[in-house]
Amino acid sequence: MADRDTGPSPTGPRSARSPAATDLGQRPEGAVAMVEEAVAAGRVRLAYQPIMVAGSGRNPAFYEGLIRVLDRSGRVIPACDFIAEVEETALGRRIDAMALSYGLQALAERAQLRLSINLSVRTIGDPSWMAALDAGLAADPTVAERLILELTESSAITQPDEVGAFIARMQERGIAIAVDDFGAGYTSMRHLRDFRFDILKIDGALCGDAAANPDNRALIAAIVSIAAHFEMMTVAERVETAEDAEALARIGVDCLQGYLFARPTLLPEWRDCAIGRSA
């Protein structure tokens, strides 16, 4: 489980933590206690960010569901502000299961929606997560073909045999698998061949400077070529300018994700709401 927002932090550079994170660090109970309280109180939501078809203007191919918790005042806390403290704990498994449940519910409510949900490699085989998946597919089997599960590139190689078996099981059920942050330097070509992902999301560090950096364009073009060989869809992450979007489309990237198009929101346009709330 990790925060995979594409685009800069609304409060500063992507590497910087938000003011909410500073507040959490100053509280005696700390981030873990705050998240535990929010989970117990049901103050957990998904924020949705569209992934656009490259060159299409504003035509979403699918959405990514990003986990959020609300503090006591109702302020939205993104996962990057607490994930490091909870990812290794049972609480992290519970949050992954809740994210999946909320995502399956959204898919059941809207027949045309396609949605990706993140999970940690540590959650693979977790009984509560599997129970949430089984319950969602039993209630509406059609959601399987519209569900995408995202694993980060770095986490996928920590347990390659287990991850490979998990991918095969999910694909047998009609669920697509994406690898997030590809190009960050972790996955070898052998792993890419063996895992057989359905979607390859190219790391934003490469895509965010595509128009101005010919070296990045060359690397992205190589990744797109490899993905095409393995019949994988490509998504460029952290697209922030029209110039980068145009450059990525010319290279042949299939889809684009980033703040150029939309920030994650708790109330996307396909909900019964006139105005979205950024998160």
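**Close-up views of ring pairs and salt bridges**

Searching the whole structure turns up two aromatic pairs. Here, rings of Phe, Tyr and Trp (the six-membered ring of Trp) pair if their centres lie within 6.5 Å, and planes under 30 degrees apart count as stacked, over 60 as edge-to-face and the rest as tilted. Keep in mind that this is a predicted model, in which local features need pLDDT of at least 70 and side-chain atom pairs count only at pLDDT 80 or more, while totals for chains, interfaces and linings use all residues. Residues are numbered from 1 along each chain as its sequence is written, and side-chain values use heavy atoms, with hydrogens and water left out.

**View A. W129 and F166, a tilted pair.** The ring centres of W129 and F166 are 5.8 Å apart and their planes stand at 55 degrees, so the pair is tilted. W129 belongs to helix α5 (residues 127–139) and F166 to helix α7 (residues 160–172), so this contact ties together parts that are 37 residues apart in sequence. Helices (H or I, at least four residues) and strands (E, at least two) are DSSP runs, numbered from the N terminus. W129 and F166 are both buried; buried means under 20% relative accessible area, exposed over 50%, and partly exposed in between (1.4 Å probe, protein chains only).

**View B. F195 and F197, an edge-to-face pair.** With centres 5.4 Å apart and planes at 65 degrees, the rings of F195 and F197 make an edge-to-face pair. Both F195 and F197 are buried.

**View C. E64 and K201, a salt bridge.** A salt bridge is a side-chain nitrogen of Lys or Arg within 4 Å of a carboxyl oxygen of Asp or Glu, and by this rule there are six. Between E64 and K201, the closest N and O atoms are 2.9 Å apart. E64 sits in strand β2 (residues 60–70) and K201 in strand β7 (residues 199–202), so the bridge ties together parts that are 137 residues apart in sequence. E64 is buried at 0% relative accessible area, and K201 is buried at 0% relative accessibility.

**View D. E150 joins K201.** E150 and K201 also meet in a salt bridge, at 2.9 Å from N to O. E150 lies in strand β5 (residues 147–152) and K201 in strand β7, so the pair ties together parts that are 51 residues apart in sequence. Through shared partners, salt bridges join E64, E150 and K201 into one network.

**View E. D71 and R75, another salt bridge.** The closest N and O atoms of D71 and R75 are 3.1 Å apart. D71 is buried at 3% relative accessibility, whereas R75 is partly exposed at 31%.
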